Number of protein chains: 2
Amino acid sequence: VRALLILAHGSRRRASNEEVRELARELRARLGPAYQQVEAAFLELGEPSIDEAIEQAVTAGARRIVLFPYFLAAGRHVAEDIPAIVRACAARHPGVSVELLPYLGASAALLDLLTAELAKAAR
Amino acid sequence: VRALLILAHGSRRRASNEEVRELARELRARLGPAYQQVEAAFLELGEPSIDEAIEQAVTAGARRIVLFPYFLAAGRHVAEDIPAIVRACAARHPGVSVELLPYLGASAALLDLLTAELAKAAR
């Protein structure tokens with residue numbers, strides 16, 4: 001069983017956290033059988049925490065957990081906090097594969113998207 | 001003269017802010033004549049601030065300023081702080097068109113990108 005966790009910063013504004021949960025629901029529908037679970041998880045100010053989400057995924061039977069940092073720049077959260085959380089969780093679950101993907105801002109496809117959208121906005 | 005400002009949160013980690021400045025440089029090269037100026041600006045923890053960047057653009061001759069919130073979710077920064085800064089700047093420069101674009105996370109194209117990249121990661 002393969003789980004995908006969308007890792008977001010979290011906000012004091014509830015609608016912002018709900019937006020990330022809605023993204024996770026939409027991705028679950030779109031990704032189909034690639035992942036049996038797709039959930040949002042928050043570094044702070046949102047539920048569940050990344051720790052909690054990993055525990056829930058393991059309890060639900062996940063043996064491969066893919067973590068996607070939904071962040072645009074590699075600030076301390078991306079560079080330090082998230083890798084530390086992931087290392088600790090992986091150590092607690094030696095039988096589970098825990099894979100941390102590159103953060104969204106590192107995607108070459110994102111640069112193409114920005115170029116296209118901002119060119120449109122200039123018209 | 002048309003200026004584009006990439007509005008980011010800003011980080012205590014210098015490399016993170018430099019990453020957004022590098023994005024602005026790359027977009028300037030890719031967008032070509034659509035914008036005469038493309039700069040990064042930071043809500044906090046980075047230089048220049050959004051206020052400063054708008055003043056610099058006006059001083060450099062910009063008469064149309066397009067602001068792109070480089071944010072993934074509509075937390076308080078996107079929902080409240082940035083619109084308030086933009087309203088105040090627009091009021092200070094009645095001869096300048098100041099246009100606030102939707103934030104990145106609201107883009108339908110982003111959902112397509114995420115679906116494609118995360119499907120790839122499952123292979």
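1. Let us start with the cover over α4(B). The elements over its buried residues include β1 (2-8), α1 (14-31), β3 (64-69) and α4 (108-121) of chain A. Buried here means under 20% relative accessible area, with exposed over 50% and partly exposed in between (1.4 Å probe, protein chains only). Helices (H or I, at least four residues) and strands (E, at least two) are DSSP runs, numbered from the N terminus.

2. A word on the source: this is a predicted model, in which local features need pLDDT of at least 70 and side-chain atom pairs count only at pLDDT 80 or more, while totals for chains, interfaces and linings use all residues. Residues are numbered from 1 along each chain as its sequence is written, chains are lettered from A and ligands numbered from 1 in the order in which they are written, and side-chain values use heavy atoms, with hydrogens and water left out.

3. Which residues of α4(B) are buried? They are Leu110(B), Leu111(B), Leu113(B), Leu114(B), Thr115(B), Leu118(B) and Ala121(B). The length of this helix also checks out: its 14 residues (108-121) should span 20 Å at 1.5 Å a residue, and the end C-alpha atoms are 20 Å apart. The expected span is 1.5 Å times one less than the number of residues. At the start of α4(B), look for Ser107(B), where a side-chain oxygen comes to within 3.1 Å of the backbone nitrogen of Ala109(B).

4. Now the interface itself. In chain B, 43 residues are in contact with 43 residues of chain A, contact being heavy atoms within 4.5 Å. The two chains bury about 3700 Å² between them, 65% of it on carbon and sulfur atoms. Buried area is the accessible area (1.4 Å probe) that two parts lose on being put together, summed over both. Arg30(B), Leu72(B) and Leu118(B) supply 17% of the area that chain B buries against chain A, more than any other three residues.

5. For polar links across this interface, the rule finds 20 residue pairs in polar contact, both residues at pLDDT 80 or more. A polar contact is a pair of N or O atoms within 3.5 Å; within protein, one must be able to donate a hydrogen and the other to accept it, and residues adjacent in sequence count only if both atoms are side-chain atoms. On the side of chain B that touches chain A, α4(B) gives the largest share, 11 residues. By class, that side has 27 nonpolar, 6 polar and 10 charged residues. Here Ala, Val, Leu, Ile, Met, Phe, Trp, Tyr, Cys and Pro count as nonpolar, Asp, Glu, Lys and Arg as charged, and the others, Gly among them, as polar.

6. How many salt bridges are there between chain B and chain A? The count is 2, where a salt bridge is a side-chain nitrogen of Lys or Arg within 4 Å of a carboxyl oxygen of Asp or Glu. Asp112(A) and Arg30(B) form a salt bridge at 2.9 Å, N to O. Over all chains, the whole structure has 20 salt bridges.

7. Glu18(B) is worth a look too. Its side chain meets Arg21(B) in a salt bridge at 3.2 Å and Arg25(B) in another at 2.6 Å. Glu18(B) and Arg21(B) lie 3 residues apart in helix α1 (residues 14-31) of chain B, about one turn of the helix. Glu18(B) is partly exposed at 34% relative accessibility, as are Arg21(B) at 25% and Arg25(B) at 38%.
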